[in-house]
Each structure stands twice: as C-alpha cells, then as structure tokens.
Amino acid sequence: MESVLYELFSGDYDITPKPDKKQQELSKASLAELDKIAAVLGSEFVDNLCELEGDQANWRNYQYYRSGFLLGARLMLEALR
C-alpha cells in the first residue's frame with residue numbers, strides 16, 4: 001500500500017498525473033500528424049514548433065501554479081482571521 005504522507009516526507013511523491021488511455025491515444029495521433037508535417041516542412045520546423053509549444057505550456061502551468069498558490073494563501077489568511 002502506498003502512503004502519500006511517506007512519499008511526501010521522503011521526496012518521492014510525483015504530482016504528474018498518469019496518462020489514461022484517451023491521453024495515450026491522443027498522443028499517438030498527435031505524433032502521427034507531426035510526422036506528416038515533418039515530411040512536408042522538415043524536422044527543424046517541427047522541432048521549433050514543439051519547443052515553442054513546450055515553452056507556452058510551461059508558462060501556462062507556472063501561471064496556474066501561481067494562481068493556486070495565491071488562492072491557497074488567501075484561504076489560509078481568511079481562515080486565520
């Protein structure tokens with residue numbers, strides 16, 4: 001049995017959600033389309049596009065994290081009043 005509390009304590013807790021079947025199917029379909037694009041426009045174009053999309057996703061995830069952190073801080077301050 002896995003203990004979330006122990007995983008947090010030991011630093012082994014992974015917050016990354018495990019991809020479900022639908023996500024795996026979408027990933028395979030996306031990669032197939034990227035292969036088609038690479039065949040026409042070249043792999044350098046696809047690499048640049050993927051890098052830009054990755055940077056965009058990282059920034060968006062940071063904004064979500066920041067908003068969630070601020071919400072958590074506000075809730076804690078409200079609870080302590």
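Me: Helices (H or I, at least four residues) and strands (E, at least two) are DSSP runs, numbered from the N terminus. On that basis, where does Gly42 sit?

Reply: Gly42 is in the loop between helix 2 and helix 3. The model is predicted: local features need pLDDT of at least 70, side-chain atom pairs count only at pLDDT 80 or more, and totals for chains, interfaces and linings use all residues. Numbering starts from 1 along each chain as its sequence is written, and side-chain values use heavy atoms, with hydrogens and water left out.

Me: Why is Gly42 called partly exposed?

Reply: Its relative accessible area is 24%. Buried means under 20%, exposed over 50%, and partly exposed in between (1.4 Å probe, protein chains only). So 24% puts Gly42 in the partly exposed class. In sequence, Gly42 and Pro17 are 25 residues apart; in space, C-alpha to C-alpha, they are 32 Å apart.

Me: What makes Lys18 and Asp14 a salt bridge?

Reply: A salt bridge needs a side-chain nitrogen of Lys or Arg within 4 Å of a carboxyl oxygen of Asp or Glu. The N to O distance for Lys18 and Asp14 is 4.0 Å, and the pair counts. Side chains of opposite charge can pair when their charged atoms come close. Lys18 is called exposed because its relative accessible area is 63%. Asp14, at 43%, is therefore partly exposed.

Me: How many salt bridges does the structure hold?

Reply: Three. Another one joins Lys36 to Glu33, with the closest N and O atoms 3.2 Å apart. Both residues lie in helix 2, three residues apart, about one turn of the helix. Lys36 is exposed because it has 51% relative accessibility. Glu33 has 42%, so it is partly exposed. Arg81 and Glu78 also meet, at 3.5 Å from N to O. Arg81 counts as exposed because its value is 77%.

Me: How do you know that Glu7 has no salt bridge?

Reply: Lys and Arg count as positive, Asp and Glu as negative; His and the chain ends are not counted. The nearest side chain of opposite charge to Glu7 is Lys18, 7.8 Å away.

Me: Which residues does Glu7 touch?

Reply: Glu2, Asp12 and Tyr13, leaving aside residues up to four places away in sequence. Contact means heavy atoms within 4.5 Å. Glu2 lies in the segment before helix 1. Glu2 is called exposed because its relative accessible area is 68%.

Me: What makes a patch, and which residues form the negative one?

Reply: Patch members have over 30% relative accessible area and no salt bridge; like charges are joined within 9 Å, nonpolar side chains (Val, Leu, Ile, Met, Phe, Trp, Tyr) within 5 Å. The place of a charge is NZ of Lys, CZ of Arg, CG of Asp or CD of Glu. Glu44, Asp47, Glu51 and Asp55 form the negative patch. Asp55, in helix 3 (residues 43–80), has 44% relative accessibility, so it passes the area cut-off.

Me: Which residues form the nonpolar patch?

Reply: Val4, Leu5, Leu8, Tyr13 and Ile15, with about 560 Å² of accessible area together. Areas come from the Shrake-Rupley method with a 1.4 Å probe; for residues, only the protein chains shown count as cover. Ile15 lies in the loop between helix 1 (4–10) and helix 2 (21–41). Ile15 counts as exposed because its relative accessible area is 71%.
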